[in-house]
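Hi,

Here is the structure I promised to pass on. Have a look at it first, and my notes follow below.

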Amino acid sequence: MTYLAKPKFHHPSLPKNALGYTHRDYEGSISTLCAGCGHDSISAAIIEACFELAIEPHRVAKLSGIGCSSKTPTYFLGHSHGFNSVHGRMPSVLTGANLANRELIYLGVSGDGDSASIGFGQFAHAIRRGVDMVYVVENNGVYGLTKGQFSATADRGTKSKRGVMNNDSPIDMVGIALQLGATFVARSFSGDKAQLVPLIKAAISHRGAAFIDVLSPCIAFNNHAGSTKSFDYVREHNQAVNKLDYLLGRAPIAVDYAPGTLQVVEQHDGSKLVLRKLKDEYDVSDRVAAMNFLARHAAKGQVVTGLLYVDNEPEDLHLHLATVDRSLNSLGDADLCPGAATLEKINASLR
Ligand SMILES: Cc1ncc(C[n+]2csc(CCOP(=O)(O)OP(=O)(O)O)c2C)c(N)n1
Ligand code: SF4
Ligand SMILES: [Mg+2]
């Protein structure tokens, strides 16, 4: 279908990053989503984050399941590795790929249906194992692709476009991610690029399970009054706990704020997360307090956004399994076969 192709010409004055790439080098095919869908704004934020970090596109592996959200990797990073799995099965495919080749940056993109309904178990196990990845849920509270049924993240008491009431309790993806031990947890809004781009950059630089729940209104099926996932509702009830600046390398912090309002988290690679606190009492390193804060605000119908929790000494699955430093797909027969004598010893120990 030729209408999906973008023109290959670059305007010579397009801004370039440290690698000499323009934004166009991080784009994908033309989106086929509904005009105004929140998911397209998340794709734009991913493109911006990768451009600003000057990531070589071939170092990224983007994986997804099924849904409008899971279609989006086609619309960004057209020169990266990609795998579109079956519904709800992205986390296990990502886990396997990560174990085989730890050199790549893993970006899992999913929907609330894909991760909180059919793929809930898969989501939970990838998070609790600490797979080194950025896991983005584009959360609209409905199954957009199959025309707007409530998903498991829809709040109790919300009304569908046709007026049907949802009586089931919602699954709060950030609450679950915190409980399961994700070492980087954030929530954002597709309409807030200034908040979302630094969160994605920080998540990419985090070495462990990074989870970002992005509220992403479905304008076709869940943007009406009575929905808590509409543009208007999220804008009116958004309670950001902090503003994040992501500083690469050992750049000095050149911001001047009142004592107690700035929290700096230094990561393993020397990069810094500089957090300007918007809520005095909020401490991003306190996981239990974060769970409590979120539950209290959710009970009042408020949508807490920002960087909610980060562990600056995260552990990942490779560390837990004590795998070798090299990627497994680069090992040859000599590395993999211990030899007849060693095999005999192992077998003897099991008899
Ligand atoms: C095994 C299986 N069951 C059901 C479906 C039908 N189906 C396709 S997408 C989808 C839900 C997608 O919802 P979500 O992940 O929230 O994505 P959205 O479209 O809202 O972005 C469902 C139930 C399917 N494709 N495969
Ligand atoms: S149906 Fe909803 S989620 Fe799917 S593309 Fe349209 S607006 Fe986006
Ligand atoms: Mg959805």
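**What I found**

Ala322 counts as exposed, because its relative accessibility is 65% (buried means under 20% relative accessible area, exposed over 50%, partly exposed in between, with a 1.4 Å probe and protein chains only). Ala322 has a positive phi of about 55° even though it is not a glycine, and its place is the loop between α10 (317-321) and α11 (333-336). Helices (H or I, at least four residues) and strands (E, at least two) are DSSP runs, numbered from the N terminus. Lys147 also has a positive phi, about 85°, without being a glycine. You'll find Lys147 in the loop between β5 (142-143) and β6 (149-150), and Lys147 is exposed at 63% relative accessible area.

Before you go on: this is a predicted model, where local features need pLDDT of at least 70 and side-chain atom pairs count only at pLDDT 80 or more, while totals for chains, interfaces and linings use all residues. Residues are numbered from 1 along each chain as its sequence is written, chains are lettered from A and ligands numbered from 1 in the order in which they are written, and side-chain values use heavy atoms, leaving out hydrogens and water.

Now the salt bridges (a side-chain nitrogen of Lys or Arg within 4 Å of a carboxyl oxygen of Asp or Glu). The count comes to 8 salt bridges by this rule. In one of them, the side chains of Lys201 and Glu52 meet at 2.7 Å, N to O. That pair links distant parts of the chain, with Lys201 in helix α7 and Glu52 in helix α1, 149 residues apart. Lys201 is buried at 12% relative accessibility, whereas Glu52 is partly exposed at 36%.

Asp155 forms a salt bridge with Lys229, their closest N and O atoms being 3.7 Å apart. Asp155 lies in the loop between β6 and α6 and Lys229 in the loop between β8 (209-215) and α8 (231-237), so this pair ties together parts 74 residues apart in sequence. Lys229 is buried, at 8% relative accessible area.

Asp245 and Arg276 meet in a salt bridge too (2.9 Å, N to O). Asp245 sits in strand β10 (residues 242-247) and Arg276 in strand β12 (residues 272-277), so the two tie together parts 31 residues apart in sequence. Finally, Asp172, Arg187 and Asp213 are linked in a network of salt bridges.

Cheers
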